[in-house]
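Visitor: I would like to go through this structure with you. Could you take my questions as they come?

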Amino acid sequence: MKPSSKFILLLNSLLIFPAAGLCDEPFRHVISSTSPSRNDVEWRTSSENVTPHCDHHWWIQKSTLHGGRQEGVEQIVINNGRMEIVLCPTRGMGIMSVRMGNVHLKWDSPVKEVVHPQYINLASRGGLGWLEGFNEFMCRCGLENNGHPGTDKFVNNVGEESEMELTLHGKISNIPASHVEVAVDRTAPYAIHIKGLVNERFLFGPKLELHTELIVVPGENTFQLKDEIRNTGSQEQEFQIIYHANFGSPILQEGARVVAPATDVQPFNDHAAKDLDRWHTFDAPQAGFVEQVYLLTPKGDQNNHTTALIHDKAFNTAASISWSLNQLPYLTVWKNTGASEDGYVTGIEPGTNFPNNRSVERAAGRVPKLAAGESRHITLTFGLYDGLAEVKNALTAVNSLTLSGEAIDSPPIEVPKIDRLKPRQ
Amino acid sequence: MKPSSKFILLLNSLLIFPAAGLCDEPFRHVISSTSPSRNDVEWRTSSENVTPHCDHHWWIQKSTLHGGRQEGVEQIVINNGRMEIVLCPTRGMGIMSVRMGNVHLKWDSPVKEVVHPQYINLASRGGLGWLEGFNEFMCRCGLENNGHPGTDKFVNNVGEESEMELTLHGKISNIPASHVEVAVDRTAPYAIHIKGLVNERFLFGPKLELHTELIVVPGENTFQLKDEIRNTGSQEQEFQIIYHANFGSPILQEGARVVAPATDVQPFNDHAAKDLDRWHTFDAPQAGFVEQVYLLTPKGDQNNHTTALIHDKAFNTAASISWSLNQLPYLTVWKNTGASEDGYVTGIEPGTNFPNNRSVERAAGRVPKLAAGESRHITLTFGLYDGLAEVKNALTAVNSLTLSGEAIDSPPIEVPKIDRLKPRQ
Amino acid sequence: MKPSSKFILLLNSLLIFPAAGLCDEPFRHVISSTSPSRNDVEWRTSSENVTPHCDHHWWIQKSTLHGGRQEGVEQIVINNGRMEIVLCPTRGMGIMSVRMGNVHLKWDSPVKEVVHPQYINLASRGGLGWLEGFNEFMCRCGLENNGHPGTDKFVNNVGEESEMELTLHGKISNIPASHVEVAVDRTAPYAIHIKGLVNERFLFGPKLELHTELIVVPGENTFQLKDEIRNTGSQEQEFQIIYHANFGSPILQEGARVVAPATDVQPFNDHAAKDLDRWHTFDAPQAGFVEQVYLLTPKGDQNNHTTALIHDKAFNTAASISWSLNQLPYLTVWKNTGASEDGYVTGIEPGTNFPNNRSVERAAGRVPKLAAGESRHITLTFGLYDGLAEVKNALTAVNSLTLSGEAIDSPPIEVPKIDRLKPRQ
């Protein structure tokens with residue numbers, strides 16, 4: 001063997017070393033960042049390169065969308081070998097859709113493209129401008145405020161209590177992430193981490209940061225969001241967050257059902273009160289249907305964790321969200337089963353609060369605060385279930401949370417008596 | 001001849017075949033689209049490649065503009081061998097300018113660049129923010145609303161009648177097209193079609209689509225807009241559209257004249273009423289001139305088609321717009337003959353309505369509705385006339401519509417008596 | 001010598017000729033322009049290529065930033081061999097930072113990236129949306145208006161006095177420059193000029209242009225802004241401008257001081273009045289500190305020029321701004337010494353006016369007008385001083401403007417008696 005050949009062999013070993021997972025350091029790649037300034041217009045990696053010993057063929061692809069109001073929107077698709085998740089850094093790290101076999105978490109919004117925030121004027125239409133970009137499977141509502149538009153107080157630059165018009169569901173889903181990074185564990189189970197930082201911070205305003213991490217293990221049917229909301233300012237700061245998860249056809253259909261153990265269910269208004277006993281079941285798309293919103297106080301297990309689940313009529317497909325009630329004590333169910341062309345959808349929305357205007361929520365004690373430098377950590381686990389067996393298992397787990405362990409085809413909680421209800425504004 | 005040469009000859013024939021127009025399938029090219037996501041930053045085609053048998057050398061060029069607030073704005077120039085049309089997909093498929101010889105359809109707006117909609121806040125300046133990008137030859141006003149800003153009612157997400165502040169002339173001219181496509185007929189007269197889709201649709205709002213097609217035949221002095229406004233929602237939907245065609249120097253000058261057969265002319269306000277008898281003639285630029293607006297009910301021919309025309313003092317250049325009064329029953333003439341540096345311009349504006357606030361137009365029965373799935377089709381033909389002979393022919397055609405067939409240098413209609421006038425709000 | 005070598009020698013001479021400064025024509029390069037449309041995504045030049053005989057190694061670099069809300073923001077770094085200036089054409093030709101040795105002119109705003117104007121809604125938060133992008137060392141406030149948000153009158157399109165909600169500090173710092181050009185003198189001292197045009201002009205609104213020129217001489221510790229504000233309209237036009245220069249750590253610290261000769265100092269409100277006698281000195285960062293604003297009428301020299309200066313406690317670093325009181329008669333000192341994480345900063349802000357709402361300033365006679373075609377020229381000179389010797393020299397120059405020539409460690413002017421004060425709104 002000649003020296004040069006030996007050298008090449010050595011070089012090969014060195015190159016293979018990290019890719020072979022012999023090294024425990026996770027693979028890391030910064031996709032975009034403001035500091036130092038960078039952005040991969042297109043980027044891709046996959047199991048072959050990063051975790052060659054992993055049994056599941058996973059891949060991650062960053063791309064930039066084109067055309068109309070989605071020109072320049074950034075998108076990351078994560079395929080874990082079983083499930084495909086579409087993330088949107090440009091829209092506050094929201095999740096556009098998730099797909100696994102027959103389970104497709106998405107809805108057919110009248111908004112057909114992924115709208116760049118540059119086209120959103122949150123204040124338009126009396127504070128409802130947020131709707132002009134709304135088509136995610138899951139977007140966050142917050143951070144300074146969420147819920148209905150309307151007047152609320154704030155402290156202005158000269159230290160005086162002043163008024164501003166809050167806009168529907170706040171800003172965070174229309175703020176591009178300032179830092180997006182991929183990490184993949186080199187050791188089994190080779191978890192994939194997509195990290196993002198979204199800033200909602202400025203002078204004389206909140207100094208809130210959302211640090212989000214989506215974690216998905218190759219081959220699994222679940223994924224996690226591990227969020228941290230951090231007050232980087234020197235002053236106590238209110239915040240609000242609702243995770244607005246939206247389910248449309250095909251999982252939403254006539255006879256579909258939400259299963260969510262709750263100690264209390266309140267209708268949002270008189271219109272919702274009329275159908276309180278049907279808060280958890282769905283009809284077929286109906287032109288002209290006006291939204292009905294229900295405000296739940298979920299029931300937790302011994303660790304104060306809870307799960308909400310939606311399944312189709314035949315128990316063939318389902319999806320669940322699990323979280324800690326210490327982190328997100330409230331759950332809103334949004335029934336918006338209008339015509340397909342108008343956006344047939346239901347929302348399952350864990351949050352720090354209900355979607356009233358912040359002034360209402362503050363009065364009700366549902367607007368938490370963060371001390372200077374303090375963080376709130378929130379972990380949500382999403383599960384997808386394809387086929388009767390998987391759906392039944394998932395339902396059994398949820399029903400173990402209910403008071404009486406009802407059969408899976410009955411409502412998981414007792415419906416509150418109508419005389420207990422007082423519509424909330 | 002050797003076999004290889006024969007093969008090359010055959011290959012040539014095959015290659016020529018589609019380009020030679022032996023194939024009747026139109027040439028098609030998608031310039032940009034949201035689905036699948038694509039966008040040609042630069043693209044060009046021409047008669048040589050597509051219609052080699054066409055006598056007229058035409059070309060189409062898509063480019064992307066740079067600098068200041070026009071960075072990223074998309075533009076398509078269509079030259080039909082005689083006339084050059086500049087289209088702007090980024091600004092709702094508006095027409096920036098048209099030129100044919102001495103006829104130049106454009107105006108010198110104080111806005112000097114093609115402003116990207118990202119810089120427009122329609123709500124600014126009391127709802128007049130639209131003006132900060134306004135410099136097109138022809139832009140559309142609509143679709144949910146157009147006309148003056150001010151409060152009007154709408155139905156909000158919880159199904160209640162609510163109020164919103166309408167903004168001047170609505171959104172459509174600041175929404176980028178979601179799909180832009182070129183088609184060219186392979187058979188004479190080799191018409192060029194530029195198709196665009198502009199979406200004004202979202203949850204709890206209108207689900208309106210503008211499907212527009214600009215059609216121009218190589219070598220001709222006219223072009224057509226074939227628009228379709230489609231209600232894709234499940235509910236009845238109001239809509240409004242005004243085609244805001246704007247004429248500045250050189251066609252607009254002292255002694256220029258609008259010729260438009262009308263059965264009624266109303267001044268927009270007291271200020272316009274003062275000069276009602278001069279609604280159709282123009283003065284030289286005059287610093288401090290305050291706009292005067294006239295509301296016409298046009299007169300149609302036996303097919304209910306009408307034409308409005310503008311010509312310079314010497315009858316050397318003219319331009320016309322023809323349309324069906326079944327589609328657009330009203331015509332607004334906007335005289336804004338201030339100083340050149342302030343935007344010396346007149347608007348000839350066929351529409352479904354007059355440019356009052358929508359609440360006023362609704363009360364007057366001038367806000368049409370589309371049923372679920374219904375479309376309104378609108379066709380406008382623009383003509384350009386260079387030289388006395390062409391202008392006289394065009395005028396004769398318009399005058400044939402008038403009651404008494406006046407000579408071309410007299411007003412084409414009888415001016416309504418002043419006592420018939422009641423200023424409209 | 002062979003002919004070919006001779007030719008190469010000749011070619012070299014030709015190539016060197018313009019670069020060697022034998023030609024007196026300045027070097028010119030258009031970085032971006034709307035007409036003709038162009039934009040260098042990246043561009044660089046330096047002394048070696050342009051002024052090889054210059055003793056100082058200077059360079060200019062244009063780049064485009066990436067990530068989050070700074071995607072697409074354009075930046076020009078000018079290094080004159082001693083001092084580095086970061087300009088931002090996208091944010092109205094503002095100056096992000098200046099650095100020379102230990103002197104660093106910048107502040108740590110809670111806004112961490114250079115925010116593209118597309119993300120700024122000036123009207124948000126009750127007209128305080130400007131703050132969501134505010135992190136420059138120096139930005140301009142204007143041109144139609146600046147100062148506090150609130151209702152003011154304007155003339156609308158139909159010539160009527162109407163009302164609009166002014167937004168904090170106007171639009172100009174969120175308007176990208178329409179033309180950016182570099183010029184470098186070929187003769188000593190080889191001054192570098194960065195020219196920019198920012199348009200604030202539209203129909204039925206102001207037709208104001210900002211023509212700005214930043215001039216810096218290689219090797220020097222000063223730079224100039226030569227601005228022209230031009231009314232291109234045919235009508236008289238109000239305008240306002242404040243140069244909002246902001247100083248944070250390290251020059252701002254406990255014991256730092258502003259030195260500004262003034263004939264009058266007024267507190268902005270009661271809160272500022274409480275500490276009037278300390279208007280020129282600074283404390284350490286203090287969580288919860290509410291801004292205090294002081295309104296100065298500066299004193300000029302025989303040419304009506306004045307200088308304001310800030311220095312650290314130990315007189316080791318300082319910075320000054322000099323200008324003509326004929327051009328900018330007022331000076332605002334903004335003390336905002338809250339916690340470091342909240343944006344510890346002071347503003348030294350020469351202007352045509354104080355930062356009250358325009359309606360207040362108009363009533364006080366501090367809103368100037370430009371006749372049709374008229375310009376206001378404004379020249380500001382910024383100086384940076386590193387080390388005790390330089391700082392003392394600079395202070396001596398400023399103190400020569402004061403009434404009594406106090407020692408450098410005493411207040412440069414007599415503080416007005418408290419009974420002279422009436423808080424301004």
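Visitor: Among contacts in chain A between residues at least 6 apart in sequence, what share joins residues at least 24 apart?
Guide: The share is 67% of those contacts in chain A. Please bear in mind that this is a predicted model.

Visitor: How many helices and strands does chain A have?
Guide: Chain A contains seven helices and 26 strands. Of the 425 residues in chain A, 54% are buried.

Visitor: What is the average pLDDT of chain A?
Guide: The average is 90, and 89% of the residues in chain A score at least 70. For the model, ipTM is 0.90 and pTM is 0.91.

Visitor: Where does pLDDT stay under 50 in chain A?
Guide: One such stretch is residues 1-21 of chain A, for which the model has twelve contacts beyond four places in sequence. Another is residues 403-425 of chain A, with 37 contacts beyond four places in sequence.

Visitor: Let us turn to strand pairing. In which sense do strand 14 and strand 15 of chain A pair?
Guide: Strand 14 (residues 207-216) and strand 15 (residues 222-231) of chain A pair in the antiparallel sense, over nine bridges. Within this pairing, A:L214 has A:L225 of strand 15 as its bridge partner.

Visitor: And which residue in that hairpin takes a positive phi?
Guide: That is A:G219, with a phi near 85°, and the hairpin has five residues between the strands.

Visitor: What about strand 15 and strand 26 of chain A; over how many bridges do they pair?
Guide: Strand 15 and strand 26 (residues 375-386) of chain A pair over nine bridges, in the antiparallel sense. In strand 26 of chain A, A:F382 stands opposite A:F223.

Visitor: On to the assembly. What rotation superposes chain A on chain C?
Guide: A rotation of 120°, with 0.0 Å of shift along its axis, superposes chain A on chain C at an RMSD of 0.0 Å. The two copies are therefore related as by a three-fold rotation axis. The C-alpha of chain A nearest the axis belongs to A:Q118, at 3.1 Å from it.

Visitor: Do the copies use the same surfaces or different ones?
Guide: They use different surfaces, as 10% of the contact residues of chain A recur in chain C.

Visitor: How many residues of chain A are in contact with chain C?
Guide: There are 31 residues of chain A in contact with 34 residues of chain C. Elements of chain A giving two or more residues to that side are strand 1 (27-34), strand 2 (37-39), strand 11 (161-166) and strand 13 (192-201). By class, this side of chain A has nine nonpolar, 18 polar and four charged residues.

Visitor: Which helices of chain B each supply at least two residues of the side that touches chain C?
Guide: Helix 3 (124-127) and helix 5 (340-343) of chain B do. In that interface, 34 residues of chain B are in contact with 31 residues of chain C. The side of chain B that touches chain C has eleven nonpolar, 14 polar and nine charged residues.

Visitor: Why does C:K313 count as partly exposed?
Guide: C:K313 counts as partly exposed because it has 13 C-beta neighbours inside 10 Å. A buried residue would need 20 or more, and an exposed one 12 or fewer.

Notes. Residues are numbered from 1 along each chain as its sequence is written. Chains are lettered from A and ligands numbered from 1 in the order in which they are written. This is a predicted model: local features need pLDDT of at least 70, side-chain atom pairs count only at pLDDT 80 or more; totals for chains, interfaces and linings use all residues. Two residues are in contact if their C-beta atoms, placed from the backbone, lie within 7 Å. Helices (H or I, at least four residues) and strands (E, at least two) are DSSP runs, numbered from the N terminus. Ala, Val, Leu, Ile, Met, Phe, Trp, Tyr, Cys and Pro count as nonpolar, Asp, Glu, Lys and Arg as charged, and the others, Gly among them, as polar. pLDDT is the predictor's confidence in each residue, from 0 to 100. Copies are superposed by least squares on the C-alpha atoms of residues with pLDDT of at least 70 in both. Two strands pair if DSSP finds at least two bridges between them.
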